[in-house]
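Biologist: I have just opened a new structure and would like to learn how to read it. Could you walk me through it, one feature at a time?

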Amino acid sequence: MQIPFVDLKAQYQSLKPEIDTAIANVIAETAFIGGPYVKAFEESFAEYCGTKHAVGLSNGTDALRLALGACGVGPGDEVITAANTFIATTEAIAMVGAQVRFVDVEADTYNMDPSLIEAAITDRTKAIIPVHLYGRPAEMDPILAIARKHGLKVIGDAAQAHGSTYRGRPVATLADVSCFSFYPGKNLGAYGDAGGIATDDEDIAEYVRLMRNHGRRSKYFHDVEGFNCRLDGLQAAILSVKLPHLDSWGQKRREAAARYHSLLADVPNLVVPAEQDHIVPVYHLYVVRVPDRDQLQKDLGAAGIASGVHYPMPLHLQPAYAHLGLGEGSFPVTETTGTDIVSLPIFPELTADQQAYVAEHVHASMRAQATA
Ligand SMILES: Cc1ncc(COP(=O)(O)O)c(C=O)c1O
C-alpha cells in the first residue's frame, strides 16, 4: 500500500464537475482579477468565519503582513509569537519592520504558553500573534486578557485552523484580525497560492483592501503606496466550490484522529495529540511524539507511508534568526518537540483501512525499536 501525506487528487475527483465548471466560468468571463468571484467568496467566507468582513489575498504570509500593518505595527515595534511556527509568521513581522519576540509553547498542545507572555512584553510590544498550530486554537482567553491589560493587538495565525472553535467561538473571531492560508494542502486549499483575513473591525478590513491593491480606491488614483496582494478570480471560484464542504472535511479529520487515537493508544512510548473539552480542533496535522522519530519515519517510508515533521528546527535556531542570538536552551519545550515529533498522514479521504495499515507499521516499528 502507498499512503500519501495528503491526497489532493482524491479531493479533486470528489468535486471535479463543480470545480471544472467554476474554472471554465472564470475563464469565459475573463474575471481574473477582482470581480464577482472574489466578492462572492469573500462574502461567503466572512459568513463562515462569523465575522463582518473577509478580504481575499494572495497568500497567508501577505495576510499576516497586511494584518500587522492594519494594526499599526511598524519599524521599532515588537511582536510576540510562538517559537514553534512556520517561518511565514515571523517573516511577516520582519516585513513590516518590526522585531519578533518568541515565547515557548505548551508541551501538550504545542501552542503558545500564555503564562510566558507577560515576561516577553516590553515598552515596544505592539501585538501578539498566537498561532493555532496543527488546527488547534491556542489558549485564547488568557492571551486576550493579557493583550487587553497591556493594550496590545491580537492577530491570529489561523493558517492551519479553518473551522476550529475555542469555547464554542469560531477561530476567526478570537482575535482583532485572523489570517488564513489557502495553500493547496491546507484544510481549505486553493489550486495555487491564496490567503485572506477575517475581522469585525471595519478599519482593519478597509486598510487591507486598500493595501492589497496598490493603495488605490480607483484605477489610477492612489491614497498611499500599497502592494499587489490580491486573491485572483480562479482561486476564489475554486474556494467557493470547496467552502461548503469544509465543515464535513473537518469532521472527517476529527474522526480520523479519533481512530488513530484508539489504534495507537497502547503503543509504548508514543504520545498521541491531547483532546481538550473546550476546543474543537480540525487536525490539519496529526502529530505524535516518539523517542526515535528518524527510525519511525524510516520504517514508515519503507512501508510506503509518507510522514512529515512540523517543524524539525525551531525558528530561533535557524540561520535566518542567528542575529537574535538565541542559542539552544532558550525555548526548551519547543526544542524538545523539534526532536521527537512526527506527523502521520491525515486528510478527509483517508480510509479506515489506510489508517489500520499506518497503525500496524507504527506498532511494528516501535516494537522493533524496543527490542533493538
Ligand atoms: C502557521 C502558518 N502561518 C503562515 C503560513 C503562510 O501561508 P502561505 O503559505 O499561504 O503564505 C502557513 C502556511 O504555509 C502556516 O502554516
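Predicted model: local features only at pLDDT ≥ 70, side-chain atom pairs only at ≥ 80, totals over all residues.

Biologist: How is the chain divided into domains?

Modeller: Domain bounds come from an automatic or database domain assignment. Here domain 1 covers 8–244 and domain 2 covers 245–371. Their C-alpha centres are 25 Å apart.

Biologist: How many residues of domain 1 and domain 2 are in contact?

Modeller: Contact means heavy atoms within 4.5 Å. By that rule, 44 residues of domain 1 touch 34 residues of domain 2. Buried area is the accessible area (1.4 Å probe) that two parts lose on being put together, summed over both. Between these domains it is about 3500 Å², with 58% from carbon and sulfur atoms.

Biologist: How many residue pairs are in polar contact between domain 1 and domain 2?

Modeller: A polar contact is a pair of N or O atoms within 3.5 Å; within protein, one must be able to donate a hydrogen and the other to accept it, and residues adjacent in sequence count only if both atoms are side-chain atoms. There are 20 such residue pairs between the two domains, both residues at pLDDT 80 or more.

Biologist: Next, the sheet: in what order do the strands β7, β6 and β12 stand?

Modeller: Strands of a sheet pair through backbone hydrogen bonds, either parallel or antiparallel. Strands are DSSP runs (E, at least two residues), as helices are (H or I, at least four), numbered from the N terminus; two strands pair if DSSP finds at least two bridges between them. The order in this open sheet is β7-β6-β12, with antiparallel pairing. β7 (169–170) and β12 (279–280) are at the edges with a single partner strand each, so one side of each has no neighbour in the sheet. Two bridges join β6 and β12, and T165 is opposite V280 in β12.

Biologist: What should I look for in the backbone?

Modeller: Most residues other than glycine have a negative phi, and most peptide bonds are trans. Y110, which is not a glycine, has a positive phi of about 65°; Y110 sits in the loop between β3 and α5 (117–120). The peptide bond from H310 to Y311 is cis, with omega near 20°, and Y311 is in the loop between α10 (293–302) and α11 (332–340).

Conventions: Residues numbered from 1 in each chain as written. Heavy atoms only, no water.
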